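Have the sequence and structure open as you read.

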Amino acid sequence: MDLQSLYRLIFVSALISLVCQPSSVTAGDIVNDDDLAPKKPGCENDFVLVKVQTWVNGIEDAEFVGAGARFGTTIVSKEKNANQRRLILSDPRDCCSHPMNKLANDVIMVDRGHCKFTTKANNAQAAHASAVLIINNQKELYKMVCEPDETDLDIHIPTVMLPQDAGASLEKMLTSNSSVSVQLYSPRRPLVDIAEVFLWLMAVGTILCASYWSAWSAREAAIEQDKLLKDALDEIPDTRHVGSGGIVTINTISAVLFVVFASCFLVMLYKLMSNWFVELLVVLFCIGGVEGLQTCLVALLSRWFKRAGESYIKVPFFRALSYLTLAISPFCIAFAVVWAVYRNVSFAWIGQDILVRVYFLVNCPNIFQDCPSSIIVGTVLLSCAFLYDIFWVFVSKKLFHESVMIVVARGDKTGEDGIPMLLKIPRMFDPWGGYSIIGFGDILLPGLLIAFSLRYDWLANKTLRAGYFLWAMIAYGLGLLITYVALNLMDGHGQPALLYIVPFTLGTFLTLGRKRGDLRVLWTRGEPQRPCPHIQLKHQHIEELNDEK
């Protein structure tokens, strides 16, 4: 592997480590069954997020999100079944002794501290409260569990913890002589959201377009090479270099090194993840997005403004640029800058997805030109990516006490909605909101194998049904579909998409190859046997001479 190839491998590995994030829902885990927290009769609820809707003087006001306790009754899931109750500030504030308030099925708000959570709930229940809101002394939420030796767990009212800032807002409402009422419910996510359908279509469509672009480029190169060979009757070329193999650079060693470099970049992202680092990624993302948007618009508009697209001017510090490129550049720069400034608003995902798509539509075909030279290289590459995804989503929890890849994808340490190198779509019918996301690594890596299958089919003159591309595309679509099914069954816990996609795509390819008798060729050469056109012409010329005699 030469130095230039090594640099290119490092760049691609860095790119994949940025975009190979787990398919996920970023609204937070709605149900969390923690096996480490003790369970016993009367203290065996799952930890759930709870919506706390408020009304001030009968007018609907702010909504807060809290966490349900391990003990007490479960909280209703439908808003229509949740009762609206008056909110009372506990006296004493910690509710560690019997409240002095007169309660009539009211919700009581208490401070955390000085006694057990179950003690507060029992005192509130004895005072005829309908629910307990415990205000944490920090901005984060805390899992309310039972002590191993606790026995007084006959609690029949729900208990919810709210963060410190939510408690301050509620206390301000109560101390302003206003009548405050609340409603508690924990809605469930829908089994399927339309956002996942759009992401599925975007992923499949990207692979489809990039694969055809790559295969078409390879076929054009092969045709051009055949023409050159036909014109060179006085020189017999080496048949080992005929075909599409000349543009392939990915081999087994680079496939293994990919995992090493990508893991190093991912750890660097995890360790350096901060506001300034995210700002740096945003700047780099905008530069790439401007280039992609400009290239796509120039290619599109040059059909109508052909003269402007073919007239060039030399610009200092740049290569010669067409007048059309100069006219479009300010719009592209303004688009990226506006997105960067307003990237935290609700509709900013549209601009992010546009920049991501145009960048990869421009660069994917170049990367796909380096598709594996044989199925053995593709097997090593996808197997390494398979292990990479599993390790950094699941196994990294043992080493770092949290999932490194999910933390990076969500931007948990930055206060942002994650790194920008992701496709994201808001969950439209999810009561919790949030975004469904997919890393482009989950598209690029399987896409290399699918692009290889299409190029093999074209070189072997296989029909769509008799080839490998159609079945590889179907397998990828099914693998991604299973990913979203698992995501919803796990109630939003981030899932490594390659865990499901790799067995589907690679397994289908290898099974079909073995069944059709092509596995040896796919495993070793990666392309069908093609006789050299020069030798064909020479043999034809000799046969014609013999016929004349």
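What percentage of the 549 residues of the protein chain count as buried? The share is 50%, where buried means under 20% relative accessible area, exposed over 50% and partly exposed in between, with a 1.4 Å probe and protein chains only.

This is a predicted model, in which local features need pLDDT of at least 70, side-chain atom pairs count only at pLDDT 80 or more, and totals for chains, interfaces and linings use all residues. Residues are numbered from 1 along each chain as its sequence is written, and side-chain values use heavy atoms, leaving out hydrogens and water.

The protein chain holds 16 helices and 13 strands, taken as DSSP runs (helices H or I, at least four residues; strands E, at least two) and numbered from the N terminus.

Now to a helix pair. The axes of α10 (residues 375-400) and α12 (residues 441-459) come within 10 Å and cross at roughly 165°, the axes being lines fitted to C-alpha atoms over the stretch in contact, with angles from 0 to 180 degrees between N-to-C directions. The two helices are therefore roughly antiparallel, a label for angles over 145 degrees. Their contact (heavy atoms within 4.5 Å) includes Leu-381 and Ala-385 of α10 and Leu-445 and Phe-452 of α12.

| Residue | Phi | Relative accessibility |
|---|---|---|
| Asn-105 | near 60° | 42%, partly exposed |
| His-401 | near 65° | 73%, exposed |

Methods: Angles under 35 degrees count as roughly parallel, over 145 as roughly antiparallel, 65 to 115 as roughly perpendicular and the rest as oblique.
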